[in-house]
Amino acid sequence: MILRAAVSFIPTPRLAFLHRNGYFRGQRQLTERLLHRNRLFRGETGFYMQFLHQNGHFRGEIPYFYYFCDDMEENIIPVERHPLEPFLPEGAKVLMLGSFPPSRKRWSMDFFYPNWINDMWRIVGHVFYGDRDHFVAGSSAISETENRISHAGSARSGKQSEKRFDKDRIVKFCTSRGIALYDTACEVRRLQDNASDKFLEVVKATDLKALLERIPECRAIVTTGQKATDVVCEVFGCEEPPVGGYTECGFDTFLHPIPGNSEVSSAVSQEKCSRSLRFWRMPSSSRAYPLALEKKAEYYRRMFESEGLTGYAI
């Protein structure tokens with residue numbers, strides 16, 4: 001990522017770092033030492049600032065150095081709050097965690113993994129029903145054969161599938177299978193206008209332990225991307241599992257208090273117990289992840305089978 005640097009001398013000298021799109025990223029106060037150790041020079045497109053090592057050797061440079069005064073606040077990237085509530089069906093056995101939803105313009109439904117070109121629900125359809133289009137709206141109303149021109153040369157009529165996923169069908173499926181859904185970030189800054197995790201800055205991470213308290217029967221968490229994996233590793237202090245595999249993790253939780261206001265209730269409520277979890281790392285369902293859908297589905301199939309969620313049709 002190319003950063004632009006800017007200097008303000010009012011009221012306090014500081015070096016402001018901007019993203020390519022002009023949004024403010026951060027700042028650093030300019031000190032005499034910083035100015036002394038670095039050099040400014042004019043290039044073809046403007047000023048550059050060279051950064052030097054302590055021994056004087058060239059370290060790097062920031063392009064587009066220019067004077068910048070009092071409009072920095074206008075360039076601050078807005079914080080986005082998670083637009084969805086956690087989906088936590090009663091008796092959930094598995095919690096699937098992404099990073100954060102894409103921008104609204106990329107949604108094809110008002111639910112998790114809403115991007116039409118994200119293959120999560122195609123992977124799940126392939127695993128459980130042998131049909132990658134099972135969760136596509138309108139897909140069950142017409143078959144591939146019915147959609148072809150008949151031998152007489154006339155097209156068969158039928159309802160065409162739409163470029164959106166069927167939220168109601170997905171919700172019913174996840175509820176029946178015990179699959180909970182949410183993301184590892186509840187507040188982010190989107191550094192570029194795309195759906196890539198690479199350009200998400202996590203402002204506030206989800207309280208995963210509090211989330212798991214709400215689904216006490218859950219014994220496995222599943223991440224579907226690198227950023228989500230990094231957050232889980234940080235929260236639980238565990239090692240990152242290999243793609244398609246899992247590692248054991250856990251956390252201490254308070255026992256639920258006994259109903260009533262007795263001294264026994266108060267004492268029990270302060271007791272802790274250890275809760276163990278399997279932490280699965282699945283390949284990203286994004287098409288940017290270089291793996292065929294069928295191969296991704298095999299990883300997910302093994303995970304769902306290990307957690308006892310396959311074996312019967314809904």
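**Note on the predicted model**

1. The protein chain has seven helices and 14 strands. Keep in mind that this is a predicted model. Of the chain's 314 residues, 44% count as buried. Take the contacts between residues at least 6 apart in sequence: 61% of them join residues at least 24 apart.

2. Start with a helix pair. Two packed helices are described by the angle between their axes and the distance between the axes. Helix H2 covers residues 120–129, and helix H3 covers residues 167–177. Their packing angle is about 55 degrees, and their axes lie 13 Å apart. That angle makes H2 oblique to H3. The crossing of H2 and H3 is left-handed.

3. Which residues make the contact between H2 and H3? From H2 come Trp121, Val124, Phe128 and Tyr129. From H3 come Ile170, Phe173, Cys174 and Arg177. Sorted by class, the contact of H2 with H3 has seven nonpolar residues, one charged residue and no polar ones.

4. Next, look at the loop between H2 and H3, where Val136 is found. Is Val136 buried or exposed? Val136 has a relative accessible area of 2%, so it is buried; the cut-off for buried is under 20%. Val136 and Trp116 are 20 residues apart in sequence. In space, their C-alpha atoms are 9.4 Å apart.

5. Now a sheet. Strands of a sheet pair through backbone hydrogen bonds, either parallel or antiparallel. Here three strands form an open sheet with antiparallel pairing, in the order S7-S10-S11. Its edge strands are S7 (79–81) and S11 (200–205). Each edge strand pairs on one side only. On average, neighbouring strands of this sheet are turned by 30 degrees against each other, direction ignored.

6. How many bridges join S7 to S10? There are three, and the two strands run antiparallel. Strand S10 spans residues 185–190. To find the pairing by eye, look for Val79, which stands opposite Arg189 in S10.

7. Finish with helix H5, residues 226–236. Which residues of H5 are buried? They are Ala228, Thr229, Val231, Val232, Cys233 and Phe236. Gly237 follows H5. The phi of Gly237 is positive, near 65 degrees.

Methods
Residues numbered from 1 in each chain as written. Predicted model: local features only at pLDDT ≥ 70, side-chain atom pairs only at ≥ 80, totals over all residues. Heavy atoms only, no water. Axes fitted to C-alpha atoms, helices over the stretch in contact; angles between N-to-C directions. Helix = DSSP H or I, 4+ residues; strand = E, 2+ residues; numbered from the N terminus. Parallel < 35°, antiparallel > 145°, perpendicular 65-115°, else oblique. Left-handed = near helix turned anticlockwise from the far one by under 90°. Contact = heavy atoms within 4.5 Å. Nonpolar A, V, L, I, M, F, W, Y, C, P; charged D, E, K, R; others polar. Pairing = 2+ DSSP bridges. Buried < 20%, exposed > 50% of the residue type's maximum accessible area, 1.4 Å probe, protein only.
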